[in-house]
Amino acid sequence: MRIERVTAEADVHRAADLFDAPPIDSVTRRFLTEPTHHLLLAYDDADRPVGMITGVETTHPDKGTEMLIYELGVAPVARLQGVGTALVDALAAIARKNGCYGMWVAAESDNKAALATYRRAGADEEMTFTLLSWDLAKD
């Protein structure tokens with residue numbers, strides 16, 4: 001398996017099946033041009049994209065910079081082979097290199113596969129929390 005940071009829109013479209021929905025050109029371009037946004041793809045031995053992880057560095061005046069794991073996806077044929085853990089480890093290496101003091105992720109409490117992957121990659125469960133959100137696209 002090979003893991004690379006993606007900077008070309010064509011690579012994102014080649015891996016479109018790993019995302020929840022088809023990539024949007026203008027949004028993909030914006031994501032890839034932000035230096036604090038990271039998209040890593042995992043490729044199998046046949047050079048097929050089999051996993052992806054996105055991370056966003058967030059900075060706060062009194063805390064410093066930390067990495068948010070925004071999304072992790074692994075193709076069904078590549079699950080239970082360490083792809084997800086390798087992607088988390090690769091993103092953590094970028095976070096360390098960029099001076100992040102920590103890395104975090106929010107996952108649904110019933111998503112056993114995601115929780116197992118994050119724990120295998122060394123994450124500790126800190127506490128439960130309530131997620132509140134705003135749908136800003138509504139009229």
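Reader: What should I know about the numbering and the pLDDT limits?
Author: Residues count from 1 along each chain as its sequence is written, and side-chain values use heavy atoms, with hydrogens and water left out. As the model is predicted, local features need pLDDT of at least 70 and side-chain atom pairs count only at pLDDT 80 or more, while totals for chains, interfaces and linings use all residues.

Reader: Why is tryptophan 134 called exposed?
Author: Exposed means over 50% relative accessible area, buried means under 20%, and partly exposed is in between (1.4 Å probe, protein chains only). Tryptophan 134 has 70%, so it counts as exposed. You'll find this residue in the segment after α4 (112–120); helices (H or I, at least four residues) and strands (E, at least two) are DSSP runs, numbered from the N terminus.

Reader: What makes Leu132, Trp134 and Leu136 a patch?
Author: A patch takes residues with over 30% relative accessible area and no salt bridge; like charges are joined within 9 Å, nonpolar side chains (Val, Leu, Ile, Met, Phe, Trp, Tyr) within 5 Å. Leu132, Trp134 and Leu136 form a nonpolar one on the surface, with about 480 Å² of accessible area together. That area comes from the Shrake-Rupley method with a 1.4 Å probe, and for residues only the protein chains shown count as cover.

Reader: How do you know that arginine 14 and aspartate 47 form a salt bridge?
Author: The term asks for a side-chain nitrogen of Lys or Arg within 4 Å of a carboxyl oxygen of Asp or Glu. In arginine 14 and aspartate 47 the closest N and O atoms are 3.6 Å apart, so the pair qualifies. Arginine 14 sits in helix α1 (residues 9–14) and aspartate 47 in the loop between β2 and β3, so they tie together parts that are 33 residues apart in sequence. Arg2, Glu4, Arg14 and Asp47 are also linked in a network of salt bridges.

Reader: What makes β2 and β3 a pair?
Author: Two strands pair if DSSP finds at least two bridges between them. β2 (37–43) and β3 (49–60) have seven, in the antiparallel sense, so they pass. Histidine 37 stands opposite valine 56 in β3. The two strands form a hairpin with five residues between them, and aspartate 47 in the turn has a positive phi of about 65°. β2 also pairs with strand β1 (residues 2–5), antiparallel again, over four bridges; there, glutamate 4 has leucine 41 as its bridge partner.

Reader: How do you know that β2 is mostly covered?
Author: Six of its seven residues are buried.

Reader: What makes a set of residues a nonpolar core?
Author: Its members are buried Ala, Val, Leu, Ile, Met, Phe, Trp, Tyr and Cys residues joined through side-chain atoms within 4.5 Å. The largest has 17 residues, and Leu40, Ile53, Met67, Ile69, Val83, Leu87 and Leu91 touch the most other members. α3 gives the most to this core, with six residues.
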